[in-house]
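Here is a short briefing to read alongside the model in your viewer. Keep the structure open and pick out the residues as they come up.

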Amino acid sequence: MISRDQVVRRSTDQMFSDISQDTPEVVVLNTKNNQYFGLEDVAGRVWQLLAQPLKVSDLVLKIVSEYEVDSPQCEVDILDFLAQLESNGLLIIVPN
Amino acid sequence: MPQGNLTFKVSEIDTGIYPGLSLMECSSADSNLKPGQVLCLGTIVPAPEDSPFHCWVDSQGTVTLSFFKQGEKFVLVSNNLDYFVLDPSSPAIAVIASSTTPSVTLDHLLSDQILPLVLSGLGNLILHASCVTSKDLGTIAFVGKSGAGKSTLASYFCKKGFRPVADDALQICLSDADGKPNVKPLKRVSFRLWGDSYQAIYGANTADLDCKTKYDVRVANSNDEIPKILRLDRLYLLDSSGNDTRSKLISLLESSFVLDVRDSSTVQRNFLQVTKLAQDAAVERLCYVRDFSELDDVYSKILSGLEEKR
């Protein structure tokens, strides 16, 4: 379970291609099981922002400022998305 | 691994289809073989107990090729129980053909599936694609699974005056001074068509063709007709995924030949190559549902797109 106070970063077992044109668009390869993932729009933007280790609450603030979205809902959605990335081996929670 | 009633048969394999790869037939291991040469012999009987680590499945859900690993060796098994053994420590490919496989089918398995996998294993980018070219309109490729309609479309374009470049497997060369991808035409191309496709394209005199049998349409290219390398102008994807860049890239990744899908460095190399291709090439999705009455429409649309570009 990921919480808003944790710091997360991309896993090292991945490589990706940023194919963004008008909107963020990324295809990620999990190099451990060779599965491909397509991330679009907000998901693609979250992936771009994760270029550096980032506190989840800061990530939410950034997304709320870029997209006109409701902050509590945005946090729920981002936590859900980060959990999906983690379960697919694409995201690491940085230990304190 | 499936067990077949294996009888070794020397097939009449066409030589020199792929530039840079030569086929030869031998009765025993020959230490003078150079890398890239192919040796056909029938001395290895695969063990039946393994399960495949990967399979190719056609658009109908039928497994067309099963991938096994025995030690360092790859054993590829066709749905007709022909065995192809690739040993990374040797430049040879062992072929153990089922007694019921016609030579022409074995020839196709080697030229359209096994050799492209070998070429891919040597670091080349190979796509499941059929390709045609025209001096005036350029070179286009149809990318998709077996049964998606690649060969039908390519044959139809050839009937209309295009020249064949490749069927089923297309070798892509990424690096070019102007950053555009090129393709390597095969010296000889023959399209494999199901009976109904054959009938739709080549007319009414073929009424006795079986819809469930594949027929061979050979189209010879004399050396002066087609250059050794061609600029690839456009790729058409024949699957039904989305039209966004991300889905197109994933379709191209899923349409590339990879010998060992479990090997990270191979998959990563392929990922980088396909990403580069997707960046450099014009990739479009083509709505073609293998309805022969639409062939002329599809042809006209593609043609007007190509003419517009020129």
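Cys173(B) lies in strand 11 of chain B, which covers residues 169-173. This is a predicted model, and in it Cys173(B) counts as buried, at 16% relative accessibility.

**Cys173(B) and its surroundings**

- Setting aside residues up to four places away in sequence, Cys173(B) touches Pro181(B), Asn182(B), Lys184(B) and Ile229(B).
- Cys173(B) and Asp291(B) are 118 residues apart in sequence, and their C-alpha atoms are 32 Å apart in space.
- The cut-off for a buried residue is under 20% relative accessible area, so Cys173(B), at 16%, falls on the buried side.

**Chain B as a whole**

- Chain B contains six helices and 17 strands.
- Of the 310 residues in chain B, 52% are buried.
- If you take the contacts in chain B between residues at least 6 apart in sequence, 64% of them join residues at least 24 apart.

**His128(B) in strand 8**

- His128(B) sits in strand 8 of chain B, residues 125-134.
- With a relative accessibility of 16%, His128(B) counts as buried.
- Which residues does His128(B) contact, leaving aside its neighbours within four places in sequence? They are Trp56(B), Phe142(B), Val143(B), Gly144(B), Lys150(B), Asp168(B), Ser255(B), Ser256(B) and Phe257(B).

**Helix 6 and the end of chain B**

- As background, an α-helix has 3.6 residues a turn, so residues three or four places apart point the same way.
- Arg310(B) belongs to the segment after helix 6 of chain B, and with a relative accessible area of 52% it is exposed.
- Leaving aside neighbours within four places in sequence, Arg310(B) still contacts Lys135(B), Asp136(B), Leu137(B), Gly138(B) and Asp233(B).
- One of these, Leu137(B), is 173 residues from Arg310(B) along the chain, yet the C-alpha atoms of the two are separated by 7.4 Å.

**Where chain A meets chain B**

- In the interface, 16 residues of chain A are in contact with 16 residues of chain B.
- Together the two chains, A and B, bury about 1,400 Å² between them, with 65% of it on carbon and sulfur atoms.
- On the chain A side, Met15(A), Asn34(A) and Tyr36(A) lose the most area to chain B, together 39% of what that side buries.

- Asn34(A) has its place in the loop between strand 3 (25-30) and strand 4 (35-40) of chain A.
- Is Asn34(A) buried or exposed? Asn34(A) is buried, with a relative accessible area of 12%.
- The side chain of Asn34(A) reaches the backbone oxygen of Val261(B) at 2.4 Å.
- Not counting residues up to four places away in sequence, Asn34(A) touches Leu29(A) in its own chain, and Val261(B), Arg262(B), Asp263(B), Ser264(B) and Val267(B) in chain B.
- Although Asn34(A) is not a glycine, it has a positive phi of about 55°.

**Asp41(A), with a positive phi**

- Asp41(A) is a residue other than glycine with a positive phi, near 50°.
- Asp41(A) is found in helix 1 of chain A, residues 41-49.
- The relative accessible area of Asp41(A) is 36%, and the residue is partly exposed.

Methods. Residues numbered from 1 in each chain as written. Chains lettered and ligands numbered in written order. Predicted model: local features only at pLDDT ≥ 70, side-chain atom pairs only at ≥ 80, totals over all residues. Heavy atoms only, no water. Helix = DSSP H or I, 4+ residues; strand = E, 2+ residues; numbered from the N terminus. Buried < 20%, exposed > 50% of the residue type's maximum accessible area, 1.4 Å probe, protein only. Contact = heavy atoms within 4.5 Å. Polar contact = N/O pair within 3.5 Å; in protein donor to acceptor, adjacent residues only side chain to side chain. Buried area = accessible area lost by both parts, 1.4 Å probe.
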